[in-house]
Amino acid sequence: MKESFWAIFIISIGIISIAFVFLFQRLTNTDEHNMHLLKETTEAAMFDALDLASYRKDGTIRIDREKFAENFVRRFAENASLARTYVIEIYDVNEEPPKVSLKVSSTEKGQDASNEILEFDIENKIDAILETPY
């Protein structure tokens with residue numbers, strides 16, 4: 001009888017451990033996906049928002065604010081996961097020199113072993129400066 005309780009204890013600890021590993025793996029994958037998506041989308045939106053008329057006129061490199069925001073939201077929405085709700089906050093857009101600061105927030109939900117729902121807020125921030133080769 002004593003050995004059977006130990007077997008039940010070890011099996012239950014194993015199941016709880018596997019549940020925690022899956023939860024943290026899902027959180028890590030979500031955070032990594034959001035960060036890569038944020039980085040790639042910001043870079044592409046900055047290149048799309050380049051003001052070619054001012055570059056041709058006097059050689060200054062600048063971006064258009066409205067065009068950047070529009071391109072960023074469109075590109076992010078095309079590649080984001082449909083299972084999550086995102087909050088995009090654009091803090092600062094400098095037109096010249098081209099610099100942007102933004103934050104993307106999402107929430108990940110999961111259950112622990114006692115069927116309690118856990119919510120984790122995942123925030124990714126980026127400050128990007130457009131670099132161009134001479």
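Is E89 buried, partly exposed or exposed? At 29% relative accessibility, E89 counts as partly exposed; the classes are buried (under 20% relative accessible area), exposed (over 50%) and partly exposed in between, with a 1.4 Å probe and protein chains only. The model is predicted: local features need pLDDT of at least 70 and side-chain atom pairs count only at pLDDT 80 or more, whereas totals for chains, interfaces and linings use all residues. Residues are numbered from 1 along each chain as its sequence is written, and side-chain values use heavy atoms, with hydrogens and water left out. Helices (H or I, at least four residues) and strands (E, at least two) are DSSP runs numbered from the N terminus.

**Salt bridges**

- The count of salt bridges comes to seven, a salt bridge being a side-chain nitrogen of Lys or Arg within 4 Å of a carboxyl oxygen of Asp or Glu.
- R75 and D48 form one of them, with their closest N and O atoms 2.6 Å apart. This pair links distant parts of the chain, since R75 belongs to helix 3 and D48 to helix 1 (residues 2-48), 27 residues apart.
- R75 is partly exposed at 26% relative accessibility, and D48 is partly exposed at 29%.
- R65 forms a salt bridge with E95, the closest N and O atoms lying 3.6 Å apart. R65 is in helix 3 and E95 is in the loop between strand 1 (86-94) and strand 2 (99-111), so the pair ties together parts that are 30 residues apart in sequence.
- Relative accessibility is 42% for R65, which counts as partly exposed, and 22% for E95, which also counts as partly exposed.
- A network of salt bridges links R62, R65 and E95.
- K103 and E89 meet through their side chains in a salt bridge of 3.9 Å, N to O. Because K103 lies in strand 2 and E89 in strand 1, the pair ties together parts that are 14 residues apart in sequence.
- K103 is buried, with a relative accessible area of 11%.

**Nonpolar core**

- The largest nonpolar core has 18 residues, and F68, F72, F76 and V100 have the most contacts inside it. Such a core is a set of buried Ala, Val, Leu, Ile, Met, Phe, Trp, Tyr and Cys residues joined through side-chain atoms within 4.5 Å.
- At least two residues of this core come from each of helix 1, helix 3, strand 1, strand 2 and strand 3 (117-129). Helix 1 gives the most, with four residues.
- Leaving aside neighbours within four places in sequence, F76 is in contact (heavy atoms within 4.5 Å) with L37, L38, T41, Y86, I88 and V104.

**Aromatic pairs**

- The count of aromatic pairs comes to four. Rings of Phe, Tyr and Trp (its six-membered ring) pair if their centres lie within 6.5 Å; planes under 30 degrees apart count as stacked, over 60 as edge-to-face and the rest as tilted.
- The ring centres of F68 and F72 are 6.0 Å apart and the planes stand at 25 degrees, so this pair is stacked. F68 and F72 are four residues apart in helix 3, and therefore separated by about one helical turn.
- F68 is buried at 0% relative accessibility, and F72 is buried at 0%.
- The rings of F76 and Y86 are edge-to-face, because their centres are 5.2 Å apart and their planes are at 90 degrees. This pair links distant parts of the chain, with F76 in helix 3 and Y86 in strand 1, ten residues apart.
- F76 and Y86 are both buried.
- Ring pairs join F68, F72, F76 and Y86 into a cluster.
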